[in-house]
Amino acid sequence: MILVTGAAGFVGRYVVDQLVQNGEDVLALVHSSRGLRYYSDKNIPCVMINVAFMDDLETYLPPDDVNSIVHCAGLLSIDAPKWTAENYFDTNIKGMYNILE
């Protein structure tokens with residue numbers, strides 16, 4: 001199974017769609033209910049999770065089934081008005097660290 005973080009984003013959504021089109025077994029990780037609806041409508045397995053929280057990753061992900069990870073999760077400056085520096089750090093730095101663990 002290929003795990004794709006940030007699957008509700010512009011790049012992540014494209015990556016998941018291409019992997020599924022190529023016949024790959026994919027688990028999409030999203031941070032919003034919008035992403036859940038998108039993948040639910042396409043019958044693609046999806047989990048709403050924040051990559052900044054290691055406990056959530058350990059609880060909700062099937063580590064034995066994952067053989068590859070495509071990490072697309074991240075906050076961008078376009079969302080600057082609603083995000084704080086702590087949000088950027090948690091998602092972009094802690095999230096990457098947690099995925100590597």
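Tutor: Start with threonine 5, which touches Leu29, Val51, Val70, His71, Cys72, Ala73 and Ile99, once residues up to four places away in sequence are set aside. Contact here means heavy atoms within 4.5 Å. The model is predicted, so local features need pLDDT of at least 70, side-chain atom pairs count only at pLDDT 80 or more, and totals for chains, interfaces and linings use all residues. Residues are numbered from 1 along each chain as its sequence is written, and side-chain values use heavy atoms, with hydrogens and water left out.

Threonine 5 belongs to strand 1, residues 2–5. Strands are DSSP runs of E with at least two residues; helices are runs of H or I with at least four; both are numbered from the N terminus. Threonine 5 counts as buried because its relative accessibility is 0%. The cut-offs are under 20% relative accessible area for buried, over 50% for exposed, and partly exposed in between, using a 1.4 Å probe and protein chains only.

Two polar partners stand out for threonine 5. Its side chain makes a polar contact with the side chain of histidine 71, at 2.7 Å. A polar atom of that threonine 5 side chain also lies 3.1 Å from the backbone nitrogen of alanine 73. A polar contact is a pair of N or O atoms within 3.5 Å; within protein, one must be able to donate a hydrogen and the other to accept it, and residues adjacent in sequence count only if both atoms are side-chain atoms. Cysteine 72, also among the residues touched by threonine 5, is partly exposed because its relative accessibility is 25%. Cysteine 46 is partly exposed too, at 21%. The disulfide count is 0, with a disulfide taken as a pair of cysteine sulfur atoms within 2.5 Å.

Now step back to the whole chain. The protein chain has 4 helices and 4 strands. Along the sequence they follow β-α-β-α-β-α-β-α. Of its 101 residues, 33% count as buried. Among contacts with a separation of 6 or more, 50% join residues 24 or more positions apart.

Next, the loop between helix 2 and strand 3. Asparagine 43 is found there. Its phi is positive, about 60 degrees, although it is not a glycine. Most residues other than glycine have a negative phi. Asparagine 43 counts as exposed because its relative accessibility is 71%.

Isoleucine 44 lies in that loop as well. Its relative accessible area is 9%, so isoleucine 44 is buried. Leaving aside neighbours within four places in sequence, isoleucine 44 is in contact with Val16, Val20, Val26 and Tyr39.

At 44% relative accessibility, proline 45 counts as partly exposed. With neighbours within four places left aside, proline 45 is in contact with Val26, Leu27 and Ala28. Its C-alpha is 9.0 Å from that of aspartate 25, 20 residues away along the chain.

Lysine 42 takes us to charge. The salt bridge count is 1. Its side chains are those of lysine 42 and aspartate 17, 3.5 Å from N to O. The pair links distant parts of the chain: lysine 42 sits in the loop between helix 2 (33–41) and strand 3 (46–48), aspartate 17 in helix 1 (residues 10–21), 25 residues apart. A salt bridge needs a side-chain nitrogen of Lys or Arg within 4 Å of a carboxyl oxygen of Asp or Glu. Lysine 42 is partly exposed at 39%. Aspartate 17 is partly exposed at 21%.

Rings come next. The aromatic pair count is 1. Tyrosine 38 and tyrosine 39 form it edge-to-face, 4.8 Å centre to centre, with 90 degrees between the planes. Rings of Phe, Tyr and Trp (its six-membered ring) pair if their centres lie within 6.5 Å; planes under 30 degrees apart are stacked, over 60 edge-to-face, and the rest tilted. Tyrosine 39 is buried, at 0%. The charged end of arginine 13 sits over the ring of tyrosine 38, 3.8 Å from its centre. That label requires NZ of Lys or CZ of Arg within 6 Å of the ring centre and within 35 degrees of the ring normal.
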